[in-house]
Amino acid sequence: MAGATSVAVITWVTRLAGLLALVSVLVPAGRRTLRGHVAAWLELPHEATVGAATVALVTGVLLMLLATGLKRRKRRAWQLAVAAAALLTVSHLGLRHTLGAGLVSLALLVALIATRRYFIALPDPVTGRWRAIRVFLQLTVAGVAINFALLSVAPVDAGVGDRLAQSTLALIGVSGPVVFPALWLEDLSAAVGLLFGIGAVLLAAYFLLRSAEPAPELTDEEVERLRGLLGERDSLGYFALRRDKFVVFSKSGKAAVTYRVIAGVALCSADPLGDPEAWPGAIEEYLDVCRRYAWTPATMGCSELGATVWARFGLEVLEIGDEAVVDTDTFTLEGRVMRGVRQAVSRTKRAGYTARIRKAEDLPAAELDELRALAATWRGTDTERGFSMALGRMGDPGSVLVTAEHDGQVRGLLQFVPWGEKGLSLDVMRRDRTADNGVNELMISELLLTTPAQHVSLNFAAFRAVLEQGQRIGAGPVARLSARTLRFFSRWIQIETLYRFNAKFQPRWVPRYLAYPAARDLPRVGVAVFEAEGLGGRPSGLLRALQRV
């Protein structure tokens, strides 16, 4: 507890020191001359004062960036913060500024050294060290080269050595040996140098401190071990076999947790695999990895039992929706409540559609490749959506493919993955946009009526309870507003649409939960969840640009 308090205090003092440094440079009202104090005693030249101001400006921004790394107890962030606080303290001597900013940076330096034992988190497995060095060198060399070229074409009387020295010193805001014939030319050279100098430091710091996102890939051996842990209990268990995940096993090997790292969040999905009595061992291993790399632990789509176990480890739990599960032994198209589905099925059959249900291993390779191509064409988005209820590939042994065909052409496609020996879970649902309405109802109802599986899991309905409560007679203003808000966002992420589609088949609703450390972590966890599910998150263009740097 003391460690957490100390880290929180250090984080805020770091932000304060950075803010004061920026104010001391950028806001004249925040300045007070110290010429009669330290600055006069040292008799600092004007160039040194300008250089110190530049250092303070860059270091102030850097400290505000480092605060996030310190909050996550990153050892590298602590090392950089110590260096930045020391540099900032020294630079204030040359600024002739208020004593307050210098005293805060000095206090921060002392506090960082005193609390060094709390900052133990390792760099992420994919480190940005070499990329940071490369970016720093690229920007500094570019700044020097551009300034050198500018001085080479400008009407200045200076040799190659003087022009090179001027271009290099401009990176830190210090005047060089070149005498400029016009003030605007000197200002332009200084601006170019400072732009590249500050950019080099800050971008290098970003790559050193950013939460790297290692590209995970389960090995064949790990996949086989996970298959051995699959059981009948969790309908989402098979999705743990996605290849783009890491896995940690309990020491006994009887349970495992799979996860992906996104935006500093080690995001799990569904429940741990294996024996529920061994789940705590796997969760402990997973949380140990999170502590080691200062990742935020979170899991989405876990069951009530899974949420209970996660809560024992101090995580908060939030119900985020319900999974629609249909028991096939009671499913029928008869009755008034099934009238809508029955009419949709009859209409598509009259139009000439038929449904075929086959196991993936029974399909010829050429046909399976054709179905994969159709599914990609019908996807409608550049990225594959889904994480907690999507496998990310088609044709796994044991999966079931349902196709809707019309005049010999495939117009709709469903893939179900195994849920133990007695169930199936919907993975892919695609159709040709020009196909008649009712194609999905035809494929699902045919499967439910003919499959030997006892239980079939359909789509997940996010915030189903909120939508239902907001529509009830006598619902309060908060419930109505919440439901109205969800319907508004349904224009983009199909919240209400999926709920209403699932409800057609009269399923039983199985609640699913999100587990996260604390309310302050929800924004970061939310970004990771949306990005993992392909619903949004960080702009894809920005991510691609940073990956190419």
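The following questions and answers concern a predicted model.

Visitor: What kind of model is this, and which pLDDT do local features need?
Guide: Residues are numbered from 1 along each chain as its sequence is written, and side-chain values use heavy atoms, with hydrogens and water left out. The model is predicted; side-chain atom pairs count only at pLDDT 80 or more, totals for chains, interfaces and linings use all residues, and local features need pLDDT of at least 70.

Visitor: Which residues have the most contacts inside the largest nonpolar core?
Guide: A nonpolar core is a set of buried Ala, Val, Leu, Ile, Met, Phe, Trp, Tyr and Cys residues joined through side-chain atoms within 4.5 Å. Buried means under 20% relative accessible area, exposed over 50%, and partly exposed in between, with a 1.4 Å probe and protein chains only. The largest such core has 27 residues, and those with the most contacts inside it are Phe416, Leu458 and Phe505.

Visitor: Which element gives the most to this core?
Guide: Helices (H or I, at least four residues) and strands (E, at least two) are DSSP runs numbered from the N terminus. Elements that each supply at least two residues of the core include strand E6 (316-327), helix H12 (339-350), strand E9 (409-419) and helix H14 (439-450). The one that gives the most, with six residues, is H14.

Visitor: Which residues does Phe416 contact, leaving aside its neighbours within four places in sequence?
Guide: Contact means heavy atoms within 4.5 Å. With those neighbours left aside, the partners of Phe416 are Ser399, Val400, Val402, Leu424, Ser425, Leu426, Asp427, Leu447, Val456, Ser457 and Leu458.

Visitor: How many residues are in the second, separate core?
Guide: Among the members of this second core are Ala85, Leu88, Tyr118 and Ala205. Its number of residues is 26.

Visitor: How many salt bridges does a search of the whole structure find?
Guide: Side chains of opposite charge can pair when their charged atoms come close. A salt bridge here is a side-chain nitrogen of Lys or Arg within 4 Å of a carboxyl oxygen of Asp or Glu. Glu224, Arg227, Arg393 and Asp396 are linked in a network of such bridges. For the whole structure, the number found is 18.

Visitor: How many residues apart are Glu323 and Arg512?
Guide: These two form a salt bridge, with their closest N and O atoms 2.9 Å apart. Glu323 counts as buried at 1% relative accessibility, and Arg512 counts as buried at 4%. Glu323 lies in strand E6 and Arg512 in strand E12 (residues 508-516), so the pair links distant parts of the chain, at a separation of 189 residues.

Visitor: Why are Asp369 and Arg372 separated by about one helical turn?
Guide: Asp369 forms a salt bridge with Arg372, the closest N and O atoms being 2.7 Å apart. Asp369 is partly exposed at 44% relative accessible area, and Arg372 is partly exposed at 34%. The separation is about one helical turn because the two are three residues apart in helix H13 (residues 365-378).

Visitor: Is the pair of Tyr286 and Trp310 stacked or edge-to-face?
Guide: Rings of Phe, Tyr and Trp (its six-membered ring) pair if their centres lie within 6.5 Å; planes under 30 degrees apart count as stacked, over 60 as edge-to-face and the rest as tilted. Tyr286 is buried at 0% relative accessibility, and Trp310 is buried at 1%. Their centres are 5.6 Å apart and their planes stand at 85°, so the pair is edge-to-face.

Visitor: Which residues do ring pairs link into a cluster?
Guide: The structure holds seven aromatic pairs. Ring pairs join these residues into a cluster: Phe246, Tyr259, Tyr286, Tyr293, Trp295 and Trp310.

Visitor: How far is the charged end of Arg225 from the ring centre of Phe249?
Guide: A charge sits over a ring if NZ of Lys or CZ of Arg is within 6 Å of the ring centre and within 35 degrees of the ring normal. Arg75 lies over the face of Trp78, at 4.5 Å from the ring centre. The charged end of Arg225 sits over the ring of Phe249, and its distance from the centre is 3.7 Å.

Visitor: Which strands do the buried residues of H9 pack against?
Guide: In helix H9 (residues 220-229), the buried residues are Val223, Leu226 and Leu229. They are on the same side of H9 because they cover an arc of only 115° around the axis, the arc being that of the directions from the helix axis to the C-beta atoms. The face turned away from that buried side carries the exposed residues Asp220, Glu221, Glu224 and Gly228. The buried residues pack against strand E1 (246-249), strand E2 (255-262) and strand E4 (273-274).
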